[in-house]
Amino acid sequence: MSDAQNGGGQPKSTGPDAMRPVAHESITEQQISNLVETFYDKVWADERLGPIFSGRIADKPAHLAKMKDFWSTMLLGTGRFNGRPMPKHVALSEVVDGDFAIWLGLFRPVAHEAFAPEAAQIVIRTAEQIAQTFRHVMFGGMGGRP
Ligand code: HEM
C-alpha cells in the first residue's frame with residue numbers, strides 16, 4: 001500500500017500504524033475475523049461494557065470491520081487501519097480504570113479459541129500492552145483524565 005492510500009502526508013515510519021512485521025506465521029485474516037466477531041459479541045453482551053459500546057457505536061458492523069483492519073495491521077502488518085485510538089478512548093468519560101480488566105478478561109479466552117497457542121500469547125500480549133498504554137494516559141497523570 002502506498003503512503004497516499006494509507007492516509008497520505010506522513011511517512012509510514014512516523015505514523016500511528018507504521019509497518020509492522022507479521023506477529024506469528026500461523027495468524028490468518030480468517031482467525032482475526034473470528035476473534036473480532038466473537039469478542040465484540042461478548043463485549044456487547046457484558047453488563048458493564050455493553051452499554052459503553054452500544055451507547056457510542058451506532059453501526060456495530062462498521063466498528064467490527066474497523067477492528068478487523070486494526071488487528072490485521074497489528075498482527076499481519078497490512079496497514080489497513082488508519083484511525084486514532086488514543087484520543088477516542090481518552091474521550092470515553094464513563095470508562096474507569098477497572099474496565100480494562102473486564103475488557104482483557106473477555107479478550108483472553110476468545111484469543112485462545114481463535115489462534116494457535118503460541119500466536120494467542122502474542123495477540124494477548126499485544127492487547128495487554130495497548131491497554132496498559134491507554135490506562136497510563138487516561139489514568140496515570142500523563143495529560144489524560146484529571
Ligand atoms: C475499557 C476498555 C475499552 C473500552 C470501554 C473501549 C471502548 C471503545 C469505544 C466506545 C470505541 C469507539 C470510539 C469512537 O468511535 O468514538 C472504541 C474504539 C476503538 N478501540 Fe476500544 N475500548 C477499550 C479498550 C480497547 C483496547 C484494549 C484496544 C486495543 C487492544 C482498543 C482498540 C480500539 C480501536 C483500535 C478503536 C477504533 C479507534 C478509531 O476509530 O480510531 N480498545 N473503543
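pLDDT is the predictor's confidence in each residue, on a scale from 0 to 100. This is a predicted model, and its chain averages a pLDDT of 88, with 84% of the residues scoring at least 70. Local features here need a pLDDT of at least 70 and side-chain atom pairs count only at pLDDT 80 or more, while totals for chains, interfaces and linings use all residues. Residues are numbered from 1 along each chain as its sequence is written.

**Overall fold**

- The chain has six helices and zero strands; helices (H or I, at least four residues) and strands (E, at least two) are DSSP runs, numbered from the N terminus.
- Of the 146 residues in the chain, 16% are buried. A residue counts as buried if 20 or more other C-beta atoms lie within 10 Å of its own, as exposed if 12 or fewer do, and as partly exposed in between, with C-beta atoms placed from the backbone.
- Two residues are in contact if their C-beta atoms, placed from the backbone, lie within 7 Å. Among contacts in the chain between residues at least 6 apart in sequence, 70% join residues at least 24 apart.

**Where to be careful**

- Over residues 1–17 the pLDDT stays under 50, and the model has 18 contacts beyond four places in sequence for this stretch.
- Where pLDDT is low, the predicted coordinates should not be read in detail.

**The largest nonpolar core**

- A nonpolar core is a set of buried Ala, Val, Leu, Ile, Met, Phe, Trp, Tyr and Cys residues joined through C-beta atoms within 7 Å.
- The largest such core has 14 residues, and Leu35, Ala111, Phe115 and Val123 touch the most other members.
- Helix 1 (29–45), helix 3 (60–76), helix 5 (99–114) and helix 6 (117–139) are the elements that give two or more residues to this core.
- Helix 1 supplies the largest share of the core, four residues.
- Phenylalanine 115 touches Ile27, Gln31, Ala120 and Val123, if you leave out residues up to four places away in sequence.

- Helix 3 has 17 residues and reaches 23 Å from its first C-alpha to its last, close to the 24 Å expected at 1.5 Å a residue. The expected span of a helix is 1.5 Å times one less than its number of residues.
- Trp71, Thr73 and Leu75 are the buried residues of helix 3, and what covers them includes helix 1 and helix 6.
- Glycine 77 follows helix 3 and has a positive phi, near 65°.
- Helix 5 has 16 residues and reaches 23 Å from its first C-alpha to its last, close to the 22 Å expected.
- The buried residues of helix 5 are Phe100, Trp103, Val110, Ala111 and Ala114, and their cover includes helix 1, helix 2 and helix 6.

**Around the ligand**

- The ligand is surrounded by 21 residues, of which the closest are Gly83, Asp99, Trp103, Ile130 and Ala131. A residue is near a molecule if its C-beta atom, placed from the backbone, lies within 6 Å of it.
- Helix 2 (49–56), helix 3, helix 4 (85–90), helix 5 and helix 6 are the elements that give two or more residues to this shell.
- By class, the shell holds 14 nonpolar, two polar and five charged residues. Ala, Val, Leu, Ile, Met, Phe, Trp, Tyr, Cys and Pro count as nonpolar, Asp, Glu, Lys and Arg as charged, and the others, Gly among them, as polar.

- Glycine 83 lies in the loop between helix 3 and helix 4, and is partly exposed because 15 other C-beta atoms lie within 10 Å. Leaving aside neighbours within four places in sequence, glycine 83 is in contact with Lys66 and Phe70.
- Threonine 78 is found in the loop between helix 3 and helix 4, and is partly exposed, with 18 other C-beta atoms within 10 Å. The C-alpha atoms of threonine 78 and arginine 20 are 7.9 Å apart, although 58 residues separate them along the chain.
- Serine 33 sits in helix 1, where 17 other C-beta atoms within 10 Å make serine 33 partly exposed. The C-alpha atoms of serine 33 and lysine 68, 35 residues apart along the chain, are separated by 6.0 Å.
- Threonine 133 belongs to helix 6 and counts as partly exposed, with 15 C-beta neighbours inside 10 Å.
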